[in-house]
Amino acid sequence: QRHINEYRAEPLLAIFPGVALQELWNLMGTAEAALAFVSAIVVVASLLGMLTMLLAGLDERRREMAILRSVGARPHQIFALLIAEAVLLAGLGILVGLALLYLALLVAQPVVNAQFGLYLPIEAPTLRDLVIIGAVLAASVIAGAIPAFRAYRQSLADGMTVRL
């Protein structure tokens, strides 16, 4: 390679495809790691937002929880309702995110293929993707457990008293 690159009689350049591709994949790996980090930050921010919303909603729904308790709901049932609400919110967010991803792939695939010659495959989520989705759902259970535990600890009289 050095002999060809330094050959003065002819302006030649020797490139080993394997070396060039390895450098390209290293660059892509760095970009993928950065995007994964940004995605993790977005998930954490979303979970914190959901936690904040559930805690704020809990104060507004004190009377509702007290009425449920007065008609026979046990504290663990209220706990399960709030956990189910958190999982439902996270599940809907995941479904909307996946739908938007596949819609964007459907729209972008022909354009990227025509402009750059890159084929974007539209495939089902991989095992790694499913593990990440499961981790997000598990984190939503943990985030939902905080307001659920607060509701679990509230007594029946807490929701029946009128606050001025």
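What percentage of the 164 residues in the protein chain is made up of buried residues? The answer is 18%. Keep that in mind as you go through the close-ups below, and remember that this is a predicted model.

View 1. You'll find six helices and zero strands in the protein chain. Reading from the N terminus, the elements go α-α-α-α-α-α. Along its principal axes, the C-alpha trace spans about 95 × 30 × 30 Å. The radius of gyration is 27 Å, while a compact globule of 164 residues would have one near 15 Å. Now for who touches whom: among contacts with a separation of 6 or more, 70% are between residues 24 or more positions apart.

**View 2. Helix 2 packs on helix 5.** Here you're looking at helix 2 (residues 17–60) and helix 5 (residues 127–153). Their axes are 9 Å apart and the packing angle is about 25 degrees. Angles under 35 degrees count as roughly parallel, so helix 2 is roughly parallel to helix 5. The crossing of this pair is right-handed. On the helix 2 side, the residues that meet helix 5 include Val 43, Leu 47, Met 50 and Leu 51. Their partners on helix 5 include Val 136, Ala 139, Ser 140 and Ala 143. Sort the contact of helix 2 with helix 5 by class and you get 13 nonpolar, two polar and four charged residues.

**View 3. Helix 4 meets helix 5.** The axes of helix 4 and helix 5 come within 8 Å and cross at roughly 150 degrees. This crossing is right-handed. Helix 4 brings residues including Phe 79, Leu 82, Ile 83 and Ile 94 to the contact, and helix 5 brings residues including Ile 133, Leu 137, Val 141 and Phe 149.

View 4. Ser 140 lies in helix 5. Is Ser 140 buried or exposed? Buried means under 20% relative accessible area, and Ser 140 is at 0%, so Ser 140 counts as buried. Leave aside the neighbours within four places in sequence, and Ser 140 is in contact with Leu 47, Met 50, Ala 86, Val 87 and Ala 90.

**View 5. Helix 3 crosses helix 4.** Helix 3 (residues 62–70) and helix 4 (residues 75–116) have axes that come within 10 Å and cross at roughly 135 degrees. That angle makes helix 3 oblique to helix 4. The crossing is right-handed. Met 65, Leu 68 and Arg 69 in helix 3 meet Pro 75, Ile 78, Leu 81 and Leu 82 in helix 4. By class, that contact has six nonpolar, no polar and one charged residues.

View 6. Arg 62 has its place in helix 3. With a relative accessible area of 10%, Arg 62 is buried. Arg 62 and Gln 154 are 92 residues apart along the chain, but their C-alpha atoms are separated by 8.7 Å. Pro 75 lies in helix 4 and is partly exposed, with a relative accessible area of 22%. Not counting residues up to four places away in sequence, Pro 75 touches Arg 69 and Tyr 152. Now compare Pro 75 with Asn 113: they are 38 residues apart in sequence and 56 Å apart in space, C-alpha to C-alpha.

**View 7. Leu 103 and Ile 122.** Leu 103 is found in helix 4. At 49% relative accessibility, Leu 103 counts as partly exposed. Between Leu 103 and Ile 122 there are 9.9 Å in space, C-alpha to C-alpha, and the two are 19 residues apart in sequence.

Terms used: Residues numbered from 1 in each chain as written. Predicted model: local features only at pLDDT ≥ 70, side-chain atom pairs only at ≥ 80, totals over all residues. Heavy atoms only, no water. Axes fitted to C-alpha atoms, helices over the stretch in contact; angles between N-to-C directions. Helix = DSSP H or I, 4+ residues; strand = E, 2+ residues; numbered from the N terminus. Parallel < 35°, antiparallel > 145°, perpendicular 65-115°, else oblique. Left-handed = near helix turned anticlockwise from the far one by under 90°. Contact = heavy atoms within 4.5 Å. Nonpolar A, V, L, I, M, F, W, Y, C, P; charged D, E, K, R; others polar. Buried < 20%, exposed > 50% of the residue type's maximum accessible area, 1.4 Å probe, protein only. Rg over C-alpha atoms; globule rule 2.2 N^0.38 Å.
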